[in-house]
Amino acid sequence: MVKYFSKDVSLENRALQIWQILIGFAFERKITTYLEVADILGYKGAGTLDRQLGHILHFCNENGLAPLTVLVVNSETGLPGSGFVIEGDLHRERERGCLIQIGLTLFLRHPKNLL
């Protein structure tokens, strides 16, 4: 049975939806803004994503993944919000996140891995 995101607007479900959006941006090696993500979700403003992005950041940290949320930035500063804390080089983490997602996508697309 198909489930639609619009039918379940729980925090966790929205985090999953944002995760999928960010994977697409990572594959295309693009940075996005809070406002753009909010628009995709149909939110009225960009200031409503902190808890959803927090779920994603926690998942990445717990599983040794690059912080996918590093791809979401403030449209004025070009940087992640003040709640995003990263040790090390911001651009290196951004690149690491993109490369991990691209590698995973290419792995899954290889015919022998689909069997």
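The talk below goes through this predicted model label by label.

Student: What makes up the chain, and in what order do the elements run?

Tutor: The chain has four helices and two strands. Read from the N terminus, their order is α-β-α-α-β-α. Of its 115 residues, 34% count as buried. The accessible surface is about 7,700 Å², and carbon and sulfur atoms hold 57% of that.

Student: How do you know which part of the contacts joins residues 24 or more positions apart?

Tutor: Take the contacts with a separation of 6 or more; residues 24 or more positions apart account for 56% of them.

Student: Let's start with H1. How do you know that its length agrees with what a helix of 17 residues should span?

Tutor: The expected span uses 1.5 Å times one less than the number of residues. For the 17 residues of H1 that gives 24 Å, and the end C-alpha atoms are 24 Å apart, so the two agree.

Student: Which residues of H1 are buried?

Tutor: Among them are Asn13, Arg14, Gln17, Ile18, Trp19 and Leu22.

Student: Why is Trp19 called buried?

Tutor: Buried means under 20% relative accessible area. Trp19 has 18%, so Trp19 counts as buried.

Student: Why is the pair of Trp19 and Phe59 called edge-to-face?

Tutor: A pair of aromatic rings is described by the distance of the centres and the angle of the planes. To pair, the centres must lie within 6.5 Å, and planes over 60 degrees apart count as edge-to-face. The centres of Trp19 and Phe59 are 5.5 Å apart and their planes are at 85°, so both conditions hold and the pair is edge-to-face. The structure holds one aromatic pair. This pair links distant parts of the chain, with Trp19 in helix H1 and Phe59 in helix H3, 40 residues apart.

Student: What makes Lys30 and Glu28 a salt bridge?

Tutor: The side-chain nitrogen has to be within 4 Å of a carboxyl oxygen. For Lys30 and Glu28 the N to O distance is 3.2 Å, which meets that limit. The structure holds one salt bridge.

Student: Why are Lys30 and Glu28 called partly exposed?

Tutor: Lys30 has 42% relative accessibility and Glu28 has 47%.

Student: Why is Tyr34 called buried, and what does Tyr34 touch?

Tutor: Tyr34, in helix H2, has a relative accessible area of 17%, which is under 20%, so Tyr34 is buried. Not counting residues up to four places away in sequence, Tyr34 touches residues including Ala46, Leu53, Val72, Pro80 and Gly81.

Student: Why is Asp50 called exposed?

Tutor: Exposed means over 50%. Asp50 has 57%, so Asp50 is exposed. Asp50 lies in helix H3, and its C-alpha atom is 9.5 Å from that of Tyr34, 16 residues away along the chain.

Student: And which class does Gly45 fall into?

Tutor: Gly45 sits in the loop between H2 and H3. Its relative accessibility is 23%, so Gly45 counts as partly exposed. Gly45 and Tyr34 are eleven residues apart in sequence and 8.6 Å apart in space, C-alpha to C-alpha.

Notes. Residues are numbered from 1 along each chain as its sequence is written. This is a predicted model: local features need pLDDT of at least 70, side-chain atom pairs count only at pLDDT 80 or more; totals for chains, interfaces and linings use all residues. Side-chain values use heavy atoms; hydrogens and water are left out. Buried means under 20% relative accessible area, exposed over 50%, partly exposed in between (1.4 Å probe, protein chains only). Contact means heavy atoms within 4.5 Å. Accessible areas come from the Shrake-Rupley method with a 1.4 Å probe; for residues, only the protein chains shown count as cover. Rings of Phe, Tyr and Trp (its six-membered ring) pair if their centres lie within 6.5 Å; planes under 30 degrees apart count as stacked, over 60 as edge-to-face and the rest as tilted.
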